[in-house]
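Reader: I have a model open and would like to go through its packing with you. Can we start once it is on screen?

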Amino acid sequence: MIENTHTSLRANVNLLGRILGDIIREAEGEAFLDQIERIRSLSKSSRSGIDQDHTRLEDMLRNLDPDQLVPVARSFSQFLNLANIADQHHGISREMESENSAARTLDSAFSHLAAQQLSPAAINAAVESLRIELVLTAHPTEITRRTLIHKYGEIDACLGQLELGGLTQHERDEIHARLRELITQIWYGYDFRTERPTPVDEAKWGFAVVENSLWQAVPDFIRLLDDSLFEATGARLPLIAAPVTFVSWMGGDRDGNPNVTARVTEEVLLLSRWQSADLFLKGVIRLVDELSMTACNDRLRQMAGSAHEPYRAVLKTLRQRLKNTLFDIEERLEGRWPPAADIVSDEEHLWQPLHACYQSLLDCGMETIANRSLLDMLRRVRCFGVHLVRHDIRQESGRHKQVLAELTAYLGLGNYEDWDEDRKQSFLRSELKNRRPLIPPDWQASDEVQEVLDTCEVIARQPAAALGSYVISMARQPSDVLAVELLLKEAGCRQSLPVAPLFETLDDLDRAPSVVENLLDDDWYRDFIRQRLMVMIGYSDSAKDAGVMAAAWAQYRAQESLLGICRDAGVDLTLFHGRGGTIGRGGAPAHAALFSQPPGSLKGGLRVTEQGETIRAKLGLSAIAIRTLAHYSSAILQANLLEPPEPRDEWRDVMDRLSESSCRSYRAVVRGEEHFVDYFRYATPEQELTKLPLGSRPSRRKTDGGIASLRAIPWIFAWSQNRLMLPAWLGAGAALQEMIDAGQGDLIKSMAAEWPFFATRLSMLEMVFAKTDTGLSAYYDSRLVPENLRFIGDRLRSQLQRDIATVLELTGAEQLLATQPWTRESIELRDIYVDPLNVLQAELLRSNRKQQDSRVEQALLVSIAGVAAGMRNTG
């Protein structure tokens, strides 16, 4: 089965590998290519259990000439990048069309729903209420340069062309020549940015994803959804349907990032509008070229006047307004105030002329014309609007307290930060209801406080459609939410912008229900927020705080409680999921992740972060984005119409015990082991990661802190590099074994069989374990960790082996991923190329820590990128 369904993948990997080999031979010589092949061969045989070949591999990499370090690292790193392109393309290839296409995903979902005796009316209503809001974040995990991303996209396009039947030999040769050109460009190029991106650079990268992928993917996806719905129920999506929209944190997320200022946010908001106007202008120009028909309805005739070609006349007016809009924004970006002009500033300015053309075509019997490019434009208007994406603002709660502390001190009211929670709430509620201004016009705030106030003023100047929400990180009390509401009021904010507390740590998640209940007990506040509330659940920091098992259960319980509280209060709740791409940060396959949510948690739609490299992996190509949106949609529809089971009382008891036990085991190591931080910094490239020009945000919230101040992303990234993957499993297996020893093994097996939430936990542990390698982790220790600290690594690896045995006992399998043979084989194939990079990285770290050498440092960065490519994730 595997051999038959993955033939083209192997062929493409071999093709790209051969081309890379030829280029390496030309660039570095035959002897160098032979050396690369010997390293690969030793890696393969050592994976087969030949210990002496592993020793030879270590010796060969340890004794490389300094001038060979970078090209050796790049050889293996670039092969893994090319293998990833082939793998990614395979998922959307013609070979996989019958079993893995977006259309098949949607058709299967509707067939399954119909088989459950759900009425067409119920299915139609669920589809019409479908709301997917994907939040693109600038977390520093996208390690690949934009120029390389472009080349990777071109390689993917070439692989797609090679699939076409009927190619002449000349055409095939031309495609191979283009592949050779692109891979040669990659080999002779530089792998990394020379400088960290600015927040504006990050925002432009996000806009490029929209332009190059999502702009086409969204209308294509909606067409597929519409066709599948019609086949299933005979109904069509409403014309105004917007099942998917996008939000950006790029240029708005200022939590711990001093580079994101009010001025930066305002610039990004303008750039977002510019990008939208530019894309709509290109689409309108195409429509002007094509819609040359003369027959029209009365409304369009009225709009077009006596023009012979009414569609062109109406669209030319829109074309000019869009040109005016671009000029207006460009002037503002240059700091000039442009003269008043007829511009597009509202969604209706786009919708009205396009819809008038659409309706006229329908009325005149030209449905075929109306329902293609013009319909796509209307779909884009609803999904992207004049702002392209909506923008979230995020700030840490302490910055708001600082504002109020300075202000109350200036007003002679005392220090706000010294007040207890009741006094804070009383003050904030009173001021929110008070019509007079609180902030005196002559108050001179400190620079940090003024920056927060300036941000609020930027928000107040924006139309409601430009903004998504204001997220408060490290939210712990009702006053944290009320403080933001008050600052926005004082800035003159008229729109009802959702203010979303982000509950991140284990304690915060446990406290979340009481915080929300306190807020909603106030009738005035419920009216103030118009009976709509958003709450963000933090997956990354809670897992870093308590381990994956305890964090997952705390997230589940918090969501359950919040849903009940809001239901009782008559408030519509939107749960905002702050998931990362990796398992240690809450990542999981879309269907598994969504179906393992508490019942009812998706009724308000799905709002979820797409972070770092997962944006490119899931949304970077149109065909992949369409498939991603189809997976999300099918999972949400099934979760809402066929709700997962409520956990039984005995399951809850087990999870409570697992959570407590796993958290205790996790913290015993991370917090309780006196020398753990030292071990972590010796055994992983955590310190060296700070040199990677990944993102604009610092890797630490505080420069003088330990693990607690380290952000979740570099925490995960560092452990994935030395193959121990510690944050994604520590504590979980030990807790499971403890329950088995207590006679609860059969109950746990029934939980895995009947409860999607728990089944997903075990499945994710299996995936993590398959990517770990105790031998390589031990090698890092032997080369990097002082002998007096190596006992920590020995203990952790022993625990890992016990945990793997525990999970295999629960699944009844003889090996990991027994039910996912292709996934297992894919990991094993990659290991042949990742292993040399790991061994080389350990040597490079050892050398670099002794003496700085530019060749060593560059090779080290290449090895980090290569291992990330091989592991298919960074943070």
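**Contacts and packing**

Author: Leaving aside neighbours within four places in sequence, alanine 262 is in contact with Arg254, Glu451, Asp454, Thr455 and Val458. Note that this is a predicted model.

Reader: Which helix is alanine 262 found in? And is alanine 262 buried or exposed?

Author: Alanine 262 is in helix α12. The residue is buried, with a relative accessible area of 6%.

Reader: How far apart are the C-alpha atoms of alanine 262 and glutamate 451?

Author: They are separated by 6.6 Å, while the two residues are 189 apart along the chain.

Reader: Staying with α12, at what angle does α11 cross it?

Author: At roughly 20°, and the axes of α11 (residues 199-233) and α12 (residues 262-290) come within 10 Å. That makes α11 roughly parallel to α12. The crossing is right-handed.

Reader: Which residues of α11 and α12 meet?

Author: From α11, Pro199, Val200, Ala203, Lys204, Phe207, Glu211 and Trp215 take part. Their counterparts in α12 include Val264, Val268, Leu271, Leu279 and Phe280, and also Glu267 and Lys282.

Reader: Change of topic. How many aromatic pairs are there in the whole structure?

Author: A search finds 24. One of them is phenylalanine 79 with tyrosine 833, which is stacked at 4.0 Å centre to centre with 25° between the planes.

Reader: Are phenylalanine 79 and tyrosine 833 buried or exposed?

Author: Phenylalanine 79 is buried at 13% relative accessible area. Tyrosine 833 is at 16% relative accessibility and counts as buried too.

Reader: What about tryptophan 755 and phenylalanine 757, is that pair stacked or tilted?

Author: Their ring centres are 4.9 Å apart and the planes are at 45°, so the pair is tilted. Both tryptophan 755 and phenylalanine 757 are buried.

Reader: Which aromatic cluster do Trp755 and Phe757 belong to?

Author: One that also holds Trp553, Tyr556 and Trp651.

Reader: Which arginine lies over the face of phenylalanine 757?

Author: Arginine 761, at 4.8 Å from the ring centre. In another case of this kind, the charged end of arginine 74 sits over the ring of tryptophan 187, 4.7 Å from its centre.

Reader: You put Trp651 in that cluster. What does Trp651 meet in α33?

Author: Trp651 belongs to a group in α28 with Glu650, Val654 and Met655, and this group meets Leu747, Ile748, Ser750, Met751 and Glu754 in α33. The two helices, α28 (residues 649-670) and α33 (residues 745-754), pack at about 110° with their axes 11 Å apart. That makes α28 roughly perpendicular to α33.

Reader: Back to α37. At what angle do α3 and α37 pack?

Author: At about 110°, with the axes of α3 (residues 30-47) and α37 9 Å apart. So α3 is roughly perpendicular to α37. The crossing is right-handed.

Reader: Which side chains are in that α3 and α37 contact?

Author: I can give you residues: Ile39, Arg40, Ser43, Lys44 and Arg47 in α3 meet Asp831, Ile832, Tyr833, Asp835 and Pro836 in α37. Tyr833 in that list is the tyrosine stacked with phenylalanine 79.

Reader: What is the relative accessible area of lysine 44?

Author: It is 45%, so lysine 44 is partly exposed.

Reader: Last topic, backbone. What is phi of methionine 725?

Author: Near 50°, a positive value in a residue other than glycine. Most residues other than glycine have a negative phi. Methionine 725 is found in the loop between α31 (712-721) and α32 (732-741), and is buried at 9% relative accessible area.

Reader: And where is leucine 817, and what is its phi?

Author: Leucine 817 is in the loop between α36 (790-811) and α37. Its phi is positive, about 55°, although the residue is not a glycine. At 0% relative accessibility, leucine 817 counts as buried.

Methods: Residues are numbered from 1 along each chain as its sequence is written. This is a predicted model: local features need pLDDT of at least 70, side-chain atom pairs count only at pLDDT 80 or more; totals for chains, interfaces and linings use all residues. Side-chain values use heavy atoms; hydrogens and water are left out. Rings of Phe, Tyr and Trp (its six-membered ring) pair if their centres lie within 6.5 Å; planes under 30 degrees apart count as stacked, over 60 as edge-to-face and the rest as tilted. Buried means under 20% relative accessible area, exposed over 50%, partly exposed in between (1.4 Å probe, protein chains only). A charge sits over a ring if NZ of Lys or CZ of Arg is within 6 Å of the ring centre and within 35 degrees of the ring normal. Axes are lines fitted to C-alpha atoms, for helices over the stretch in contact, and angles run from 0 to 180 degrees between N-to-C directions. Helices (H or I, at least four residues) and strands (E, at least two) are DSSP runs, numbered from the N terminus. Angles under 35 degrees count as roughly parallel, over 145 as roughly antiparallel, 65 to 115 as roughly perpendicular and the rest as oblique. A crossing is left-handed if the near helix is turned anticlockwise from the far one by less than a right angle, and right-handed if clockwise. Contact means heavy atoms within 4.5 Å.
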